[in-house]
Amino acid sequence: MVEEEILVLGATGSTGRRVADRLREAGYRVRPASRSGAVRFDWGDPATWEPAVAGASKMYLMAPDGVVVDPSFITCAVNAGITRIVLLSSRGIEAMGDERLLSAERTVRASGAEWTIVRPDWFAQNFDEGVFRPAVMAKELVLPLGGIRQAFVDADDIAAVAAAALTEEGHAGRSYELTGPDALSFAEALAAISRAAGRRVEFRGSEEDYRAVQAAAGADSAATEAELAAFAALRGLGDAEPTDTVRRVRGQAPKTFAAYAAEAAARGAWRD
Ligand SMILES: NC(=O)c1ccc[n+]([C@@H]2O[C@H](COP(=O)([O-])OP(=O)(O)OC[C@H]3O[C@@H](n4cnc5c(N)ncnc54)[C@H](OP(=O)(O)O)[C@@H]3O)[C@@H](O)[C@H]2O)c1
């Protein structure tokens, strides 16, 4: 058992759960934090911050969708003895104008702690654990990305790189763009899921379809237009290029999307 304690935020979520598991398997002491986690931590309740960071020397920092990384929390963490931070950010945030994650990156760089930033492409797990699961179960995903290819990355690979950055030397001051081994269009990704799960899931990638679906769901039209602008900016980047970062840091090839889909289907992830 390694004596230092590592705080893992979002420890019940897709990446945090895997980071905590990997660290425990490697013998590290973990403080698994979230609103419902063993260590209570709530971004919206500053009274939970100091007790959560107390005793930890390193931190996996993730903020759930829509939540801003409050600089006062980082100050609180560093004052309490956190000397290394690994931040979950995202690929493409400059083009998409994601000020939430851009400011989180600036805050971490200026924190005074050693930092590493991980910038993954779309998570493969969006389809079985995350935001696209309801669409897969409804057999139709509507997203205004047309046919551009994205380098979906498995959350296990993200967690492996984050755990390496937390526990090994040589990752400080680096930003890692994390991808899977191939770039696939959403239609191709859904075809892989359809094959693995034995359920046919269609893809519709036009702006008109997205507008119609959002309006039918009662979404605010200004918010929908802002999303469309961000998606248009992402389309403007063209097909994503896979990187070799997972292989370099993890020492192992990243998982293919087909392997992810086969494993999730075997677990019964898309059973009705
Ligand atoms: N999905 C993608 O393709 C993708 C790609 C690149 C980057 N990202 C970024 O990844 C992040 C999401 O990561 P993830 O998928 O690992 O998370 P996730 O699966 O969405 O889980 C969210 C975690 O945050 C905790 N949480 C929610 N609200 C909280 C609050 N108010 N205070 C404290 N904890 C809270 C949840 O646990 P409790 O409910 O117990 O609090 C849970 O552990 C986002 O910042 C997103 O922008 C996503």
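Reader: What should I know about the model and its numbering?
Author: This is a predicted model, in which local features need pLDDT of at least 70, side-chain atom pairs count only at pLDDT 80 or more, and totals for chains, interfaces and linings use all residues. Residues are numbered from 1 along each chain as its sequence is written.

Reader: Why are H1 and H7 called oblique to each other?
Author: Helix H1 covers residues 14-25 and helix H7 residues 155-167, and they pack at an angle of about 55° with their axes 8 Å apart. Helices are DSSP runs of H or I with at least four residues, numbered from the N terminus. Axes are lines fitted to C-alpha atoms over the stretch in contact, and angles run from 0 to 180 degrees between N-to-C directions. Angles under 35 degrees count as roughly parallel, over 145 as roughly antiparallel, 65 to 115 as roughly perpendicular and the rest as oblique. H1 and H7 are therefore oblique.

Reader: What makes the contact between H1 and H7?
Author: Two residues are in contact if their C-beta atoms, placed from the backbone, lie within 7 Å. From H1 come Ser 14, Thr 15, Arg 18, Val 19, Arg 22 and Leu 23, which meet Ala 155, Asp 156, Ile 158, Ala 159, Ala 160, Ala 162, Ala 163 and Leu 166 in H7. These residues divide into nine nonpolar, two polar and three charged. Here Ala, Val, Leu, Ile, Met, Phe, Trp, Tyr, Cys and Pro count as nonpolar, Asp, Glu, Lys and Arg as charged, and the others, Gly among them, as polar.

Reader: Why are H9 and H10 called roughly antiparallel?
Author: Helix H9 (residues 207-216) and helix H10 (residues 221-236) pack at an angle of about 150°, with axes 10 Å apart. The pair is therefore roughly antiparallel. Glu 207, Tyr 210, Arg 211, Gln 214 and Ala 215 of H9 make the contact with Ser 221, Thr 224 and Leu 228 of H10. By class, that contact has three nonpolar, three polar and two charged residues.

Reader: Which residues make up the contact of H8 with H12?
Author: Helix H8 (residues 186-197) packs on helix H12 (residues 257-266) at about 35°, with the axes 9 Å apart. Ala 189, Ala 192, Ile 193, Ala 196 and Ala 197 in H8 meet Phe 257, Ala 258, Ala 261, Ala 262 and Ala 265 in H12. The contact has ten nonpolar, no polar and no charged residues.

Reader: How is the chain divided into domains?
Author: There is domain 1 (2-120) and domain 2 (121-153 + 179-242 + 253-272), with bounds from an automatic or database domain assignment. Their C-alpha centres lie 26 Å apart. Seven residues of domain 1 are in contact with eleven residues of domain 2.

Reader: Which residues come nearest to the ligand?
Author: A residue is near a molecule if its C-beta atom, placed from the backbone, lies within 6 Å of it. Of the 27 residues around the ligand, Gly 13, Thr 15, Ser 34, Arg 35 and Ser 36 come nearest. H1 gives the most to the shell, with three residues. By class, the shell has eleven nonpolar, 13 polar and three charged residues. It draws at least three residues from each of domain 1 and domain 2.

Definitions and conventions: Helices (H or I, at least four residues) and strands (E, at least two) are DSSP runs, numbered from the N terminus.
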